[in-house]
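Open your viewer and get ready to select a few residues at a time. We will go from stop to stop together.

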Amino acid sequence: MGKQCQLVIGPAGSGKSTYCRTIMSHCQSIKRSVHLVNLDPAAENFEYEPTIDIRDLITLDDVMEELDYGPNGGLVYCMEFLINNINWLEEELNNYEDDYLIFDCPGQIELYTHFPIMKTIVQTLQKYDYNVCCVYLLDSQFIEDTSKFFSGVLNAMSAMIQLEIPHINVLTKVDLLDKKVQRSRDFERYLEVDSSLLTEDINNRMRPRYQHLNEAIVQLIDEYNMVNFLPLDISDEESVAYVLAQVDNSIQYGEDLEVKEREDFTEDVDDDYDY
């Protein structure tokens, strides 16, 4: 089957640990063997114990106490320490030949968009013949504030360009949205990242002098035309299965199996849920 892994990233509070827990639980239910890898030196508790854990190498608490760093600087230090001791990760990976790994990553977005840290980790995984997919999570509550949503879109696009690997963007916490919102035409526009939403909404709320800036952002998003989102409702097994199928397809997991269309996963779902 080969070696595959998901690199789960996204802003703090976007639901990375919940996503990892949900995917682990779903894989367990379908008898798929997966392992959780924790790359967050500030993590506390896990429902599924990580098989590989950066806290065995370094923790944020130790760095803050010993070097008197703040949480942001301390986190960057921890990740740079990992890169400088990448042989530790390589040795850990040697214990999991032909396994499916899920990497729960820190929430500091600079690690994916500015620093080469995650890029180095990706290259290490590829060196060991892992097919890597980046799963970028964004809280669906961001659609209530268009400017926040498009900030997330730009971060996703930056990560896609920086990491240069197959990339699935997921809108999380859809189960917390009102059903009317889920069924609305505007929700589909957010999933497809209709950039006209930015100019329609923000230009009505901001001073005219910012309109040119908004138009430049819209042009940038349209020119790259890279970002769209899959909705994830963790309370719906069909929704979870569909997202996992898209990730699997991107890294050629079970490539001899035909990836199901979204309708195949939703045909028996209660009519109240609408993608």
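Start by selecting strand S2, residues 34-38: five of its five residues are buried, so the strand is largely enclosed by the rest of the structure. Buried here means under 20% relative accessible area, exposed means over 50%, and partly exposed lies in between (1.4 Å probe, protein chains only). Colour Val34, Leu36 and Asn38 on one side of S2, then His35 and Val37 on the other; both faces are covered. Strands (E, at least two residues) and helices (H or I, at least four) are DSSP runs, numbered from the N terminus.

A word on the model: it is predicted, with local features needing pLDDT of at least 70 and side-chain atom pairs pLDDT 80 or more, while totals for chains, interfaces and linings use all residues. Residues are numbered from 1 along each chain as its sequence is written, and side-chain values use heavy atoms, leaving out hydrogens and water.

Now move to helix H2, residues 60-67, and pick glutamate 66. Is glutamate 66 buried or exposed? Its relative accessibility is 65%, so it counts as exposed.

Finish at methionine 226, in the loop between helix H11 (211-224) and strand S7 (230-231). With 31% relative accessibility, methionine 226 counts as partly exposed.
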